[in-house]
Amino acid sequence: MTAAHRVTRSRETTHTPLQIAALAVGITFLAVGIAGFVPGLTSDLDQIEFAGHESGAQLLGLFQVSVLHNLVHVLFGIVGIAAWRRTDWARRFLLIGGAVYLLLFVYGLVVDRHADANFVPLDDADNWLHLGLGAGMIALGALLPGRTALDADGRRTPGEVR
């Protein structure tokens, strides 16, 4: 193997399953946040409020949304897309983001849906989604490998180094 070939091979970038998961989650959040402002994807968009349970807009006719709710999804998406570049950032994004969504699930269970404290807004569909997102993100962050291993030919392959 020549030195030039070795240099080229060492500059190859292989993204881990953990990084790819953070990117996928980030893109999904960004898309959902944008979709919350798109007529047709969001019903009753003319009734959207900045924040609070009074917002009449519903993403896919199922999830109550507000401007703040959509902006939080956009911000989460941007953070996920930025975090995918480094394995440690990707893992933190998934674990901390998952914990935030589990806290939102608990908050949604205890807050009175018609009170001013329900500023996100949250309803049953949002609560179940937050539970699934939180558990899923934590599972991805905890279980996916964050390193690459070398195969028999010295090429990088996804998986844990042993």
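Which element gives the most to the lining of the largest pocket? Helix α2 does, with five residues. This is a predicted model, where local features need pLDDT of at least 70, side-chain atom pairs count only at pLDDT 80 or more, and totals for chains, interfaces and linings use all residues. Residues are numbered from 1 along each chain as its sequence is written, and side-chain values use heavy atoms, without hydrogens and water.

**View 1. The largest pocket.** The largest pocket holds about 190 Å³ of space. Its lining has 14 residues, and F29, V32, H73, L129 and L133 are the closest to its centre. Two or more lining residues come from each of α2 (17-35), α3 (67-83) and α5 (124-143). By type, the lining has nine nonpolar residues, four polar and one charged. A pocket is an open set of points on a 1 Å grid where a 1.4 Å probe fits, with protein on both sides within 12 Å along at least five of seven lines; lining residues have an atom within 4 Å of a point.

**View 2. Helices α4 and α5.** Helix α4 (residues 87-110) packs against α5 at about 155°, with the axes 7 Å apart. The two helices are therefore roughly antiparallel (angles over 145 degrees). Their crossing is left-handed (the near helix is turned anticlockwise from the far one by less than a right angle). The contact brings together 16 nonpolar residues, seven polar and one charged.

**View 3. R86 in its loop.** R86 sits in the loop between α3 and α4. It counts as partly exposed because its relative accessibility is 40% (the class between buried, under 20%, and exposed, over 50%, with a 1.4 Å probe and protein chains only). T16 is 70 residues from R86 along the chain, yet their C-alpha atoms are separated by 9.5 Å.

Terms used. Points joined across faces, edges and corners; volume = space filled by probe spheres on them. Helix = DSSP H or I, 4+ residues; strand = E, 2+ residues; numbered from the N terminus. Nonpolar A, V, L, I, M, F, W, Y, C, P; charged D, E, K, R; others polar. Axes fitted to C-alpha atoms, helices over the stretch in contact; angles between N-to-C directions. Parallel < 35°, antiparallel > 145°, perpendicular 65-115°, else oblique.
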